[in-house]
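Trainee: I am new to this structure and would like to learn how to read it. Could you take me through it one feature at a time?

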Amino acid sequence: MSKTNKKFLYVNRKAPHGSIYALEAIEVVLIGAAFEQQVSLAFLDDGVYQIARGQNTKQIGTKNFANIFKALGDYDVRTMYVEKESLAERGLDVSDLMEITHDTDDAEDLPSIQLVDRAEMARIMADQDVILSY
Amino acid sequence: MSTLHTVNKSPFDRPSLASCVAHCLPGDSILLIEDGVLGARNGSASAKMLVDAMANCKVYVLGPDATARGMAPDAMVTGIETIDYNGFVELAVNHKRTQSWL
């Protein structure tokens, strides 16, 4: 058990299936989740494509890790910040994203995705102890 | 407490520098390393981004990476400070966190 509880933010800025960044990030998130820190994820720039609805990698023969995001609530990863401007620049809105939820002691199926604008995202980043970028 | 932002990709290849500048807060520092130093050249399309950023933030270039790419200090946007590896370490310890823009 760690003595200090730090705020970790994983920053995801890459599209999911053309490079290894996104898969590496989710694997590190899963490892980090075991250490009982305050973990949240940020999706901006092409990173927003990682949580797009309807991903299916069957025909390209790679692991479809998108569904792992839906399971992160079970690891107490309850907050995923998504940048509004990054969605809009790509012709996306929140309805194009997967539904990702988590449970708390008091309630079930709470939404994990929080839309924030660019200025809010900057403030969120400035509030972290550790930032891990992918 | 402030953030040290590092950028290691060319601004002409991807929007890492643009995104960095857009998320930089007053008092933060930006350090261009590896191919990121290519954005420091005066007269380049990225120069204005750095000039605007310098209104609120300090901008640094890692000298060995600039030298390796043939960029002399007088070819860079005015106001950018060139540092060596020890300077990189100092920046890292003088900011609360480091964020890499890849």
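Mentor: Let us begin with the largest nonpolar core, where A:Met125, B:Ile30, B:Leu32, B:Val61 and B:Ile80 touch the most other members out of 31 residues. A nonpolar core is a set of buried Ala, Val, Leu, Ile, Met, Phe, Trp, Tyr and Cys residues joined through side-chain atoms within 4.5 Å, and buried means under 20% relative accessible area, exposed over 50%, and partly exposed in between (1.4 Å probe, protein chains only). This is a predicted model, in which local features need pLDDT of at least 70 and side-chain atom pairs count only at pLDDT 80 or more, while totals for chains, interfaces and linings use all residues. Residues are numbered from 1 along each chain as its sequence is written, chains are lettered from A and ligands numbered from 1 in the order in which they are written, and side-chain values use heavy atoms, with hydrogens and water left out.

Trainee: Which residues is A:Met125 in contact with, leaving aside its neighbours within four places in sequence?

Mentor: Contact means heavy atoms within 4.5 Å. By that rule A:Met125 is in contact with A:Leu9, A:Val11, A:Leu44 and A:Ile131 in its own chain, and with B:His23, B:Arg97, B:Gln99 and B:Trp101 in chain B.

Trainee: How many residues of each chain are in contact between chain B and chain A?

Mentor: On chain B there are 15 such residues, and they are in contact with 19 residues of chain A. Buried area is the accessible area (1.4 Å probe) that two parts lose on being put together, summed over both; here the two chains bury about 1300 Å² between them, with 52% of it on carbon and sulfur atoms. Of the area that chain B buries against chain A, B:His23, B:Arg97 and B:Leu102 supply 42%, more than any other three residues.

Trainee: Which residues form a salt bridge between the chains?

Mentor: Side chains of opposite charge can pair when their charged atoms come close. A salt bridge is a side-chain nitrogen of Lys or Arg within 4 Å of a carboxyl oxygen of Asp or Glu. Between chain B and chain A the count is 1, and B:Lys96 forms a salt bridge with A:Asp129, with the closest N and O atoms 3.0 Å apart.

Trainee: How many salt bridges does the structure hold over all chains?

Mentor: The total is 14. One of the pairs is A:Asp127 with A:Lys7, whose side chains meet at 2.5 Å, N to O. A:Asp127 is partly exposed at 44% relative accessibility, and A:Lys7 is partly exposed with a relative accessible area of 27%. Elsewhere, A:Asp46, A:Glu83, A:Glu89, A:Arg90 and A:Arg118 are linked in a network of salt bridges.
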